[in-house]
Amino acid sequence: MDIDPIPPEPDSREDIVSSSFTLEPENAKHVALLCGHLNTHFKLIEDRLRVSISNRGNQIKIGGPAAACESGERLIRKLYVDVTKGIRLSPEAIHLQLQQADLELLKGQEETNESVLIKSIKTKRGTVKPRGHSQISYVKDIQRYDLNFGVGPAGTGKTYLAVACAVQALLDEDVKRILLVRPAVEAGERLGFLPGDLTQKVDPYLRPLYDALYEMLGFETVGKYIERNIIEVAPLAFMRGRTLNNAFIILDEAQNTTREQMKMFLTRLGFGSTAVITGDATQIDLPRGQPSGLVHATQVLDGVDGVSFTWFNKKDVVRHPLVQRVVNAYEEHDAIMGNNAQEQR
């Protein structure tokens, strides 16, 4: 069972404690990197865990609810180990640690935990390591099944991890090419009036996929692969009639497919191929009344052998902390509006 790393708001019934601990080995430079400029790293932890943190050299003092202090100490010790290994900390890295820091992971009690068993995804310019239960399960399923769905809110790493798995499969020669597919809903699937060739017409819609590829392979390599059709971009409307063998296919923003388009895409899968379909069912841009192919597919294919589903939620958001609060706010608003609509009936 997942454990929420965010402790409850302190109240009069909670024990407020204060504890001190020492970071070893003592190194002033490492402590400074841990604290961050003007203690920005500690402030992030304070705000998230609702504790107070102070230090004198490598002597750290932390105060607040008992459970929060325990979590804070484990996190600080872990971050200090990272710093001593030369890992550079940043506000983004701190947020990721806080987001994924369930108690078992920070305590390090289970060395056989999934996060240790799963291999990091190797790319040309480094490795990508999935964080948290949902991301780990997602990557394991992609490596195991030929057809995979990643469904959930923005910022959960669905597309980025899919691209990382595709790059690894290509570099390991498990597939011969990568296909990036996305419905161009904003252009009504009619791309002819846009300037440039097919790739240039579709570029704006595939930009998130390109950004991930550039980060993992470099601009020059991506450019060469595109020229040689090792990496291919294709609007969904142009996939009809094709059979895709020995390929890694990513259908992004799948919530904007129709039922017919989704069925057409799913039947393109050939031998030696892997497909990953990602989308957020709360951000459907189809015309009003048009059912989403992604939502329909999750219902039709539920329980089908060889198909995997990973359901991300707001706790899995790994972007700026504000993104998670935005998701929360919209969920609460939609719930209120839905209740009001039922009452009016």
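In strand β10, T278 is the residue that faces G150. Five bridges connect β6 (residues 147–151) with β10 (residues 274–279), and the two strands run parallel; strands are DSSP runs of E with at least two residues, helices are runs of H or I with at least four, and both are numbered from the N terminus. The model is predicted, so that local features require pLDDT of at least 70 and side-chain atom pairs pLDDT 80 or more, whereas totals for chains, interfaces and linings use all residues. Residues are numbered from 1 along each chain as its sequence is written, and side-chain values use heavy atoms, without hydrogens or water.

An open sheet of six strands is arranged in the order β8-β7-β9-β10-β6-β11 with parallel pairing, two strands being paired if DSSP finds at least two bridges between them. β8 and β11 (307–311) are at the edges with a single partner strand each, so one side of each has no neighbour in the sheet.

The largest nonpolar core comprises 34 residues, and V163, L180, L213, F248 and I250 have the most contacts inside it. Such a core is a set of buried Ala, Val, Leu, Ile, Met, Phe, Trp, Tyr and Cys residues joined through side-chain atoms within 4.5 Å. The most is given to this core by α8, with nine residues. Beyond its neighbours within four places in sequence, L180 is in contact (heavy atoms within 4.5 Å) with residues including L206, L209, L213 and I250.

In helix α10 (residues 219–227), T221, V222 and Y225 are buried, that is, under 20% relative accessible area (1.4 Å probe, protein chains only), with exposed meaning over 50% and partly exposed in between. The face turned away from the buried side of α10 carries the exposed residues F219, E220, K224 and E227.
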